[in-house]
Amino acid sequence: MQIRTKSVELTEGNIPKLMLKFALPILLGQVFQNLYHSADSVVVGRFCGTHALAAVSACSDVSRLLTGFFAGLSIGTGVLIARFFGARDYKKLHDTIHTALLFSLILGAVMAMAGVLCSPLLLRATDCPEEVYVQALQYLRIYLVGVLFTAMYNVGAGILRAVGDAKTPLYYLILSSLINIVVDLLAVVWLDMGVTGAALATIVSQLFSMVLVFSTLMRTNDVHRVQLSQLMLDRELLGQIINLGIPTALQNSLNALSDVFIQKYINGFQASAIAGVGAAKRLDRFAGLVAISVGNAETMFVSQNVGAKKEDRALRGIRASLVITLVFSTCISIPGYIFAPSLVKIFNEAPEVLRYGVGMMRVMMPLYCLQGLSHIYACAIRGFGHSRAIMLLNLFSLVAVKQLFLAAALGQVHDIRFIYWCYPLSWAVAAVINIAFFHVFVKKRLPELRTSASPGSSGPLS
């Protein structure tokens with residue numbers, strides 16, 4: 001048997017300490033991943049003006065249709081890998097990894113080509129304003145070439161996280177983010193390439209991060225080593241990957257599709273509104289990273305412990321995740337609300353852009369606890385293997401609710417504040433539905449749980 005080095009078993013040890021230790025690298029990695037996505041907006045907004053920032057903002061949700069798909073696929077695939085890792089079934093672990101990688105390579109190439117070809121259609125679907133359409137199309141077509149690199153990086157990083165190594169993807173994201181910023185400045189400021197330079201900088205950094213992750217997977221002597229000659233499409237395991245990964249991938253893409261239609265509403269306002277709301281949404285993604293990162297760590301924690309038949313420990317991990325998320329989300333929301341004007345100014349200092357951006361942030365920031373609740377329970381349900389159920393639940397609460405609300409509200413009054421409020425409304429509905437589903441259909445159907453703590457434990461979360 002090969003020696004495990006950086007992989008970490010989450011089935012033993014103090015739960016809060018493990019969750020924090022595992023979630024922190026994921027959080028920092030998410031910060032840097034968002035940083036290199038936001039770098040385009042910052043550089044373009046500062047050096048190319050409001051219309052260029054509006055063009056990049058108009059592409060944001062469209063690009064997430066494809067990039068979000070592979071982020072979701074990597075999470076769902078990680079659930080299966082973590083399950084085999086927790087059960088110490090290293091043969092199936094090996095076959096699952098190689099099946100997931102080949103599947104993602106094929107799917108990523110197809111989706112990248114489709115995205116490039118369909119870019120005009122995607123932008124027209126959002127009613128992208130004519131004054132920013134040309135720049136938006138230039139940016140989106142180049143950006144979507146990098147979908148293949150994003151797909152392979154996400155699956156590779158998901159493999160590392162599934163076996164407990166959250167630090168390595170973090171280091172690579174930091175390096176690729178710095179490269180993106182440097183290339184952004186060179187291409188946009190020095191070479192005066194505008195939005196084209198910003199898009200090129202992003203795909204260069206995506207390629208770099210993919211190469212780094214695969215070099216690690218191929219060089220390791222661990223149980224998750226990748227060998228290109230052994231890439232396969234095992235029919236049974238591919239079916240399980242599809243069952244667990246595709247629902248999460250579709251959920252991410254359909255969430256992004258919902259935001260594409262919301263962008264259509266936003267595009268009905270002036271360019272300063274598009275830029276201001278775009279800046280607020282970039283900042284929103286930073287503020288929501290605690291829930292996302294702890295939730296991703298929780299999914300791997302629950303999956304490993306379910307694989308090891310330690311369901312009671314998995315439940316204690318969920319409680320620890322809730323506490324961590326609510327505490328840290330509150331700590332982020334308060335300064336985010338207070339310093340909203342200064343944060344929006346990072347992107348653009350035009351008074352109208354500031355008015356829209358600050359208005360949206362000050363509606364959303366106080367209500368991040370709702371987002372945290374909904375996401376932690378969604379990840380718990382997914383960790384127990386109910387990916388399809390959580391996809392359907394969240395499609396209703398995070399997609400249908402927003403669309404119905406906006407169709408009804410904006411059909412009566414053309415007020416952009418309804419767009420601000422649709423997000424916290426959907427979080428509240430998702431929190432109620434996910435909590436109810438977890439307690440009725442997951443927790444109550446588990447085998448009888450052990451009520452006594454393990455020897456040497458110091459409390460209910462040990």
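Helices (H or I, at least four residues) are DSSP runs, numbered from the N terminus, and their axes are lines fitted to C-alpha atoms over the stretch in contact, with angles running from 0 to 180 degrees between N-to-C directions. The model described here is predicted, so local features need pLDDT of at least 70 and side-chain atom pairs count only at pLDDT 80 or more, while totals for chains, interfaces and linings use all residues. Residues are numbered from 1 along each chain as its sequence is written, and side-chain values use heavy atoms, with hydrogens and water left out.

The axes of helix α3 (residues 90-117) and helix α5 (residues 130-145) come within 8 Å and cross at roughly 170°. The two helices α3 and α5 are therefore roughly antiparallel, a term for angles over 145 degrees, whereas angles under 35 degrees count as roughly parallel. In contact (heavy atoms within 4.5 Å) are A112, G115 and V116 of α3 with R141, L144 and V145 of α5. This contact of α3 with α5 comprises 4 nonpolar, 1 polar and 1 charged residues. In this classification Ala, Val, Leu, Ile, Met, Phe, Trp, Tyr, Cys and Pro are nonpolar, Asp, Glu, Lys and Arg are charged, and the others, Gly among them, are polar.

Helices α14 (residues 351-364) and α17 (residues 417-442) have axes 8 Å apart and pack at an angle of about 20°; α14 and α17 are therefore roughly parallel. From α14, the residues Y356, G359, M360, V363 and M364 take part in the contact, and from α17, Y420, W421, Y423, P424 and W427. The contact of α14 with α17 has 9 nonpolar residues, 1 polar residue and no charged residues.

For helix α6 (residues 147-162) and helix α7 (residues 167-190), the axes come within 8 Å and the crossing is at roughly 145°. Y153, A157, L160 and R161 of α6 meet T168, P169 and L173 of α7. Of the residues in the contact of α6 with α7, 5 are nonpolar, 1 is polar and 1 is charged.

There are 2 cavities of 30 Å³ or more in the structure. A cavity is a set of points, on a 1 Å grid over the protein atoms alone, where a 1.4 Å probe fits but cannot get out; lining residues have an atom within 4 Å of a point. The second largest cavity is lined by S57, S60, Q263, G278, K281, R282 and R285. Two or more of the lining residues come from each of α2 (50-86) and α10 (271-287), and α10 gives the largest share, 4 residues. The lining of the second largest cavity has no nonpolar, 4 polar and 3 charged residues.

How values were computed
On a 1 Å grid over the protein atoms alone, a cavity is a set of points where a 1.4 Å probe fits but cannot get out, and a pocket is an open set with protein on both sides within 12 Å along at least five of seven lines; lining residues have an atom within 4 Å of a point. Grid points are joined across faces, edges and corners, and a volume is the space filled by probe spheres set on the points. Angles under 35 degrees count as roughly parallel, over 145 as roughly antiparallel, 65 to 115 as roughly perpendicular and the rest as oblique.
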